[in-house]
Amino acid sequence: MPELPEVESLREFLDVHLTGETIARVLPLAISVLKTYDPPLSAVEGRRVTAVARRGKWLDITAGEGPDALHLVVHLARAGWLHWRDTFPAAPPRPGKGPLALRTVLASGGGFDLTEAGTAKRLAVHLVREAAEVPGVARLGPDPLAEGFDRDAFAALLAGERRRIKGALRDQGLIAGIGNAYSDEILHAARMSPFKPVRTLDEEEITRLYTALRTTLGEAVERSRGLAAGRLKAEKKSGLRVHGRTGEPCPVCGDTIREVSFSDSSLQYCPTCQTGGRPLADRRLSRLLK
């Protein structure tokens with residue numbers, strides 16, 4: 001799933017390639033992709049793109065200016081992606097064929113495709129007058145790379161939390177933009193168990209977790225900066241230390257990276273770095289093995 005660093009890089013890429021261009025057509029090609037119907041997609045045709053923003057893991061493309069501006073708001077979900085095209089084939093695409101979900105064609109001839117692999121079909125496109133009309137955007141917590149998101153602001157968010165730290169980091173209503181992969185990476189950098197309850201964090205641990213969060217996300221954004229959209233997935237994978245690396249040696253201590261599997265996801269961690277050398281129990285126990 002694209003998370004904050006990849007979506008931020010897509011935003012920067014689109015800001016360069018899309019801003020100032022006029023939208024000629026927006027073609028929904030999968031029945032599940034479009035989540036709003038008023039205004040219709042045709043309302044953006046002929047409008048100039050004036051801004052591209054990131055809101056957590058959402059892309060917000062503004063078409064038009066002032067009170068009449070419209071926002072094309074996109075969430076790539078787990079298996080979605082954006083592909084930039086300098087040109088498109090002359091023949092129009094056929095709806096329902098392959099992974100293509102939506103095509104945006106510019107007056108200049110280029111544009112982008114949104115695709116989604118698999119059968120879950122969670123990629124979402126909203127056309128709204130204000131980005132906050134999208135429920136997933138309205139509920140977002142603060143951006144962890146925002147200038148004002150300091151250690152004290154982070155500590156205030158955690159106050160009263162009773163969940164395990166892995167789940168808290170992934171909650172978009174608490175902190176925007178962190179998903180399964182980067183929560184694993186942050187916890188590895190902070191040397192913390194993903195099952196550690198937030199309420200047990202002391203002041204030093206909160207500082208350590210905050211530093212790991214800002215450093216991990218900031219470095220990932222820098223690695224992705226300037227890359228073409230098609231190279232971002234490979235860059236993300238190459239930069240991960242523990243996530244998706246079950247059975248490999250930890251790059252810090254050399255211990256074997258372990259995994260805990262759930263019904264629809266898994267987490268990875270290093271026992272030596274994060275759990276005092278003890279392997280984590282499976283999802284049914286949700287505690288350290290004795």
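Helix α1 spans residues 4-17, and its 14 residues reach 20 Å from the first C-alpha to the last, close to the 20 Å expected at 1.5 Å a residue, where the expected span is 1.5 Å times one less than the number of residues. The model is predicted, with local features needing pLDDT of at least 70 and side-chain atom pairs counting only at pLDDT 80 or more, while totals for chains, interfaces and linings use all residues. Residues are numbered from 1 along each chain as its sequence is written, and side-chain values use heavy atoms, leaving out hydrogens and water.

- Helix α1 is mostly covered, with 11 of its 14 residues buried, that is, under 20% relative accessible area with a 1.4 Å probe, counting protein chains only.
- Among the buried residues of α1 are L4, V7, L10, F13 and L14, and also the charged-type side chains E6, E8, R11 and E12.
- These buried residues pack against strands β2 (49-55), β3 (58-63) and β5 (80-85), and against helices α5 (180-190), α6 (203-224) and α7 (232-239), contact meaning heavy atoms within 4.5 Å.

**Whole chain**
- The secondary structure comes to 8 helices and 10 strands, taken as DSSP runs (H or I, at least four residues, for helices; E, at least two, for strands) numbered from the N terminus.
- The radius of gyration, taken over C-alpha atoms with a globule rule of 2.2 Å times the number of residues to the power 0.38, is 20 Å, close to the 19 Å that the rule gives for 290 residues, so the chain is as compact as a globular protein of that length.
- Buried residues make up 51% of the 290 residues in the chain.

Definitions and conventions. Buried means under 20% relative accessible area, exposed over 50%, partly exposed in between (1.4 Å probe, protein chains only).
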